[in-house]
Amino acid sequence: MVQTGAAAGLGLRDVLRLSGGARLVVFSWVTDPAAVQVALDAGASGYLAKTLTPADAVQSLEEIHEGVGRVTRLAHSPPERTRGDWPGRRHDLSDREAEVLALIAKGLSNKEIGATVFLSVNSIKTYIRTTYRKIGVHTRSQAVRWAMENGFAPRPSRTVVDSGRHSR
């Protein structure tokens, strides 16, 4: 990762000089036209926004590799979610916030939630704070009540009992 600016150390021109002729592509959240122009003026072969779909990013990199010229792909709206709907989506909860809230409603502690979703307890606390702010509650019991009233009620789990019979 190369940062530009006074505090960055190496600039784009330095990296290009040291690259042995490799093409440099900037991949960034920053899509300001001035920043794009600075990178291209410094010799970057392309400037790609991090909002690109994987297919668009691959196509752009292939064009750069083939030497089509400078490639700039900036304008791309985020893809629509295709993973379906979830409780809380209409309340602007992310899928992760909804997942954490559902686990709270299920009675899990922060440590248990972290172990379930493979995140640190501090990350869980951050999700809880943002979720509470979005749903307008201040305590865990208020959050559980809100969750139960808004489609987060835990579903009974099913248990599969192996009868010991196996078919061949």
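You're looking at a predicted model, where local features need pLDDT of at least 70 and side-chain atom pairs count only at pLDDT 80 or more, while totals for chains, interfaces and linings use all residues. Residues are numbered from 1 along each chain as its sequence is written, and side-chain values use heavy atoms, with hydrogens and water left out.

Let's start with charges. Side chains of opposite charge can pair when their charged atoms come close. The pairing to look for is a salt bridge, meaning a side-chain nitrogen of Lys or Arg within 4 Å of a carboxyl oxygen of Asp or Glu. Searching the whole structure turns up 3 salt bridges.

Take Arg96 and Glu99, whose closest N and O atoms sit 3.0 Å apart. Helices here are DSSP runs (H or I, at least four residues; strands are E, at least two), numbered from the N terminus. Arg96 is partly exposed at 25% relative accessible area, and Glu99 is partly exposed too, at 34%. For these labels, buried means under 20% relative accessible area, exposed means over 50%, and partly exposed is in between (1.4 Å probe, protein chains only).

Now find Glu97, which forms a salt bridge with Lys134, with 2.8 Å between the closest N and O atoms. This pair links distant parts of the chain: Glu97 is in helix 4, Lys134 is in helix 6 (residues 121-135), and they are 37 residues apart. Glu97 is buried, at 6% relative accessibility, whereas Lys134 is partly exposed at 37%.

Helix 7 (residues 140-149) holds both Glu149 and Arg145, 4 residues apart, or about one turn. Their salt bridge has its closest N and O atoms 2.9 Å apart. Glu149 is exposed at 53%, and Arg145 is exposed at 58%.

Back to helix 6, this time with its packing partner. Helix 5 (residues 110-117) packs against helix 6 at an angle of about 105°, their axes 9 Å apart. Helix 5 is therefore roughly perpendicular to helix 6, a label that covers angles of 65 to 115 degrees (under 35 is roughly parallel, over 145 roughly antiparallel, the rest oblique). In contact (heavy atoms within 4.5 Å), residues of helix 5 including Ile113 and Val117 meet residues of helix 6, among them Ile124 and Ile128.

Technical notes:
Axes fitted to C-alpha atoms, helices over the stretch in contact; angles between N-to-C directions.
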